[in-house]
Amino acid sequence: MPLLKSSVRSANLPPPGVIRPPGALPEAEFLARCVKCAKCMKVCPTNVIQPDLFESGFEGLWTPVMVNRVGYCDYHCTLC
């Protein structure tokens, strides 16, 4: 199991290029608490929240990330 945590970076920072949804916890807590249920992705009206596909390593697989090429984060939205 320790081999799955292959990232060598600060535990509180996501990898460069990975933007977590608004209100996300620090990276280590976020990865520990996120159950990867995809509910936040389903309720996003602009589809900006997408599943992470190995951008943050194996332990971050299927966690939510914001992909601004797909959509935008509505300022007044609090669904996620």
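Predicted model: local features only at pLDDT ≥ 70, side-chain atom pairs only at ≥ 80, totals over all residues.
Visitor: Why does Asn68 count as partly exposed?
Guide: Buried means under 20% relative accessible area, exposed over 50%, and partly exposed in between (1.4 Å probe, protein chains only). Asn68 falls in the middle class because its relative accessibility is 47%.

Visitor: Which residues does Asn68 touch, leaving aside neighbours within four places in sequence?
Guide: Contact here means heavy atoms within 4.5 Å. Asn68 and Gln50 are 18 residues apart in sequence, with their C-alpha atoms 9.7 Å apart in space. Beyond four places in sequence, the contacts of Asn68 are with Ile19 and Val48.

Visitor: In what order do the elements of the protein run?
Guide: The protein has two helices and two strands. Starting from the N terminus, their order is α-α-β-β.

Visitor: What share of the contacts with a separation of 6 or more joins residues 24 or more positions apart?
Guide: Thr63 and Arg20 give one example of a pair brought together from apart: 43 residues separate them in sequence, and 8.8 Å separates their C-alpha atoms. Thr63 is also in contact with Arg20. Across the protein, among contacts with a separation of 6 or more, the share with residues 24 or more positions apart is 50%.

Visitor: Is Thr63 buried or exposed?
Guide: Thr63 is found in the loop between E1 and E2. Leaving aside neighbours within four places in sequence, its contacts include Phe30, Leu31, Cys34, Met41 and Gln50. Because its relative accessibility is 0%, Thr63 counts as buried.

Visitor: Which residue forms a salt bridge with Arg20?
Guide: Side chains of opposite charge can pair when their charged atoms come close. A salt bridge is a side-chain nitrogen of Lys or Arg within 4 Å of a carboxyl oxygen of Asp or Glu, and the structure holds one. With closest N and O atoms 2.8 Å apart, the partner of Arg20 is Glu27.

Visitor: Which residues make up the largest nonpolar core?
Guide: In soluble globular proteins, nonpolar side chains tend to be buried together. A nonpolar core is a set of buried Ala, Val, Leu, Ile, Met, Phe, Trp, Tyr and Cys residues joined through side-chain atoms within 4.5 Å. Ile49 is in contact with Cys40, Met41, Cys44 and Met66, among others. The seven residues of the largest core are Ala38, Cys40, Met41, Cys44, Val48, Ile49 and Met66.

Visitor: Which element gives the most to the lining of the largest pocket?
Guide: The largest pocket has a volume of about 250 Å³. Of its 18 lining residues, the closest to its centre are Phe30, Cys34, Cys40, Pro64 and Cys80. Helix H1 (27-33) and helix H2 (39-43) are the elements that give two or more residues to this lining. With three residues, the one that gives the most is H2.

Visitor: Which residues lie closest to the centre of the second largest pocket?
Guide: The second largest pocket holds about 200 Å³ of space. Among its 13 lining residues, the closest to the centre are Gly17, Glu55, Val65, Met66 and Val67.

Visitor: What do the terms pocket and volume stand for?
Guide: On a 1 Å grid over the protein atoms alone, a pocket is an open set of points where a 1.4 Å probe fits, with protein on both sides within 12 Å along at least five of seven lines, and lining residues have an atom within 4 Å of a point. Grid points are joined across faces, edges and corners, and a volume is the space filled by probe spheres set on the points.

Visitor: Where does Phe54 lie, given its positive phi of about 70°?
Guide: Phe54 is not a glycine, yet its phi is positive. Phe54 is exposed because its relative accessible area is 52%. Its place is the loop between E1 and E2.

Note on methods: Residues numbered from 1 in each chain as written. Heavy atoms only, no water. Helix = DSSP H or I, 4+ residues; strand = E, 2+ residues; numbered from the N terminus.
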